[in-house]
Structure formats: structure tokens, C-alpha cells
Amino acid sequence: MIRIVLLGPPGSGKGTQASALQKRRGIPHIASGDILRATVRDDTQLGRQARPYMDRGDLVPDTLILDMMADRLSQPDAGDGYILDGFPRTVAQAEALEQRLAQIDRELDAVIYLRVPEAEILRRLSGRRTCPACNAIYHVDTMPPQRHGLCDSCGAELVQRQDEKPDVIRKRLEVYTEQTQPLLLFYRERSLLHEIDGTIGVDNVVDTIEHIVAKERAPVQEQTA
Ligand code: AP5
């Protein structure tokens, strides 16, 4: 099983390609944003703490995220691999993930950075619709659902996310540049980073990711053969 991280600014397509990869390969797609939105919806203590940060486009504090992700990554389905979407997002989070993997003598196979120009990001986010029940992602122009406003997978009514107001999108992009972009250097220094064009269509992006992972794993498979 593979362990990969998808990195990229808001709207670069992390959730969409992770979900497509999950469907193709059966690897769990673990999205910190989806987990947080569920806690907000369920009005849990974590949700009440996280909501103000999310609503204004800031990152939720590392202490909350690290406990939440430690819990998620220790669930049985994550034992053999995962696609991480939205985590890690700060250097402290990346260091914590690295330590966790070292403790179980595992490492990441690859970190994929989805490169998408800002104009395309704004177009994508303004037309995105999501399913609050199963987290499926659509776009009103380029990936519309079959029935207007309804999720193809579960039939729930699609919504626009709370953090899709123009000023909050701007803030999220700033926060990405300040706090998440440094991870490109962090993973480049560890020879894990692969930068790919995130504008080439979902199937092509997923093919490229699979190709990268296969190449990264080839030496390991040769050694164990
Ligand atoms: P999160 O939910 O992680 O949001 P994000 O990183 O800002 O990313 P998005 O979900 O907005 O975009 P995406 O890259 O997944 O793109 P998508 O696939 O939807 O985080 C939300 C908030 O939670 C944060 O602001 C923060 O407060 C908090 N949070 C979460 N994780 C945290 C952490 N680790 N630490 C601290 N705080 C945290 O695609 C976008 C659109 O583009 C869709 O309409 C889609 O149809 C379209 N599209 C996608 N791919 C393609 C393609 N290849 N071609 C054409 N269109 C495409």
C-alpha cells in the first residue's frame, strides 16, 4: 500500500484527485478539512474550537490538528497506507508526521505538489459545490452533477462551503503562502517532492501520480523480490 501526501493551494484539486485515486486503488483518502467540517457539523468540542479559525480562513492550531490526525491515522483502515489531503500543512505538522512514521519504521512514498495558477484557482473555487453528506466534489461548469444541485453518489443537496466567500478565499491563499508553502522546501530536502501540472484533467493528474508512485516504489520492490 502507498503513503502519499497531496500538497497545493486551496482549490488546486487535492480532494478531487485524492478521491479519484481512492476509487481506483482503494487507498483511504484522509482529508483533514473533511474531518474538521464533520466536527463542526456535529457540534463537537473540537468543532466549536476549530470553527472560528476555519470561518476566517486561518489554520486551526497545530495542537488540535495533531491530536485529531493521530487519532485518525491510528484507525485500522490507515494501517496499510493512505492519501493525505490537507495534512500536513505546517512544518510542525510535517515533523510530527515524520516522527510518527519513523516510530513504525515506515516512510512516505511521495509528496505530490499540484501546481495550478491563481486565476484557475479562483475560477475553480467560485464554482465548486460539495456534498455535505459524503464530501463528493463538483464544479458547476466543468464537473456538474447529473441532477442539478444533487450529489450523484448519495443524492444529498450540494452546498457551497462556508469558507468560499471572496475575502476568506483571499485569506486562505495568504495563509497557504506563509505557512504551507515552506513544506515544498521541507520535502524537497528529503527528496520526496514531485511537482506536477494540476490543470491537465483529473484522469491525467491521477495517471501521473500513479506513475510517480510506481517509479518511487520500484527500487523497494526489486530489493524485496
Ligand atoms: P481544506 O478543506 O483542506 O481546504 P483547502 O486546502 O483550502 O483546499 P480545498 O478543499 O479548498 O481545495 P482542494 O485542493 O481540495 O480542491 P478540490 O479538489 O475541492 O481546509 C479547510 C480549512 O480547514 C482550512 O482553511 C483550515 O482552517 C482547516 N484545516 C484543514 N486542514 C488543516 C490542517 N492540517 N491544519 C490546520 N488547519 C487545517 O477542487 C476545487 C475545484 O476544482 C472543484 O470544483 C473541482 O471540481 C475542480 N477541480 C479539481 N481538480 C480539477 C482538475 N484536474 N481539472 C479541472 N477542475 C478541477
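This report covers the ligand site, salt bridges, cysteines and backbone features of a predicted model.

## Ligand site

The ligand is surrounded by 35 residues. The closest are T16, S32, D58, R128 and R172. By class, the shell holds 13 nonpolar, 13 polar and nine charged residues.

A backbone N or O atom of G13 lies 3.0 Å from a ligand oxygen. A backbone N or O atom of G86 is 2.9 Å from a ligand nitrogen. Q93 contributes a polar side-chain atom, 2.9 Å from a nitrogen atom of the ligand. Taken alone, the ligand exposes 1,000 Å², and the protein buries 96% of that. The elements that give two or more residues to the shell are α1, α2, α6 (118–127) and β6 (137–139).

## Salt bridges

The model has 18 salt bridges. One of them pairs E210 with R24, at 2.7 Å from N to O. E210 sits in helix α9 (residues 202–224) and R24 in helix α1 (residues 14–25), so this pair ties together parts that are 186 residues apart in sequence. R24 is partly exposed, with a relative accessible area of 38%.

R217 and D109 form another salt bridge, at 3.0 Å from N to O. R217 also belongs to helix α9, while D109 lies in the loop between α5 and β4, so the bridge links parts that are 108 residues apart in sequence. D109 is buried, at 13% relative accessibility.

R161 and D163 meet in a salt bridge of 3.1 Å, N to O. Both partners are buried: R161 has a relative accessible area of 17%, and D163 has 10%. Shared partners also join salt bridges into one network, made up of R24, R25, D203, D207 and E210. R24 and E210, the pair that bridges helices α1 and α9, are thus both members of that network.

## Cysteines

How many disulfides does the model contain? The count comes to zero. A disulfide needs two cysteine sulfur atoms within 2.5 Å. For C151, the nearest cysteine sulfur is that of C134, 3.7 Å away. C151 is in no disulfide. C151 is buried, with a relative accessible area of 1%.

C154 is in no disulfide either. The nearest cysteine sulfur to C154 belongs to C131, at 3.5 Å. Is C154 buried or partly exposed? At 41% relative accessibility, C154 counts as partly exposed.

## Backbone features

Most residues other than glycine have a negative phi, and most peptide bonds are trans. Some sites in this model depart from that pattern. The peptide bond from F87 to P88 is cis, with omega near 0 degrees. P88 lies in the loop between β3 (82–85) and α5 (91–103).

Two aspartates have positive phi. D43 has a phi of about 55 degrees, although it is not a glycine. D43 is located in the loop between α2 (32–41) and α3 (45–56). With a relative accessible area of 47%, D43 is partly exposed. D105 also has a positive phi, of about 55 degrees, and is not a glycine. D105 is part of the loop between α5 and β4 (110–115). D105 is exposed, at a relative accessible area of 68%.

## A residue in strand β4

L114 lies in strand β4. How large is the relative accessible area of L114? The value is 0%, and L114 is buried. Q99 is 15 residues from L114 along the chain. Their C-alpha atoms are separated by 25 Å.

How values were computed:
Residues numbered from 1 in each chain as written. Predicted model: local features only at pLDDT ≥ 70, side-chain atom pairs only at ≥ 80, totals over all residues. Heavy atoms only, no water. Buried < 20%, exposed > 50% of the residue type's maximum accessible area, 1.4 Å probe, protein only. Helix = DSSP H or I, 4+ residues; strand = E, 2+ residues; numbered from the N terminus. Salt bridge = Lys/Arg side-chain N within 4 Å of Asp/Glu carboxyl O. Near = heavy atom within 4 Å. Polar contact = N/O pair within 3.5 Å; in protein donor to acceptor, adjacent residues only side chain to side chain. Areas by Shrake-Rupley, 256 points an atom, 1.4 Å probe, with all protein chains shown as cover. Nonpolar A, V, L, I, M, F, W, Y, C, P; charged D, E, K, R; others polar.
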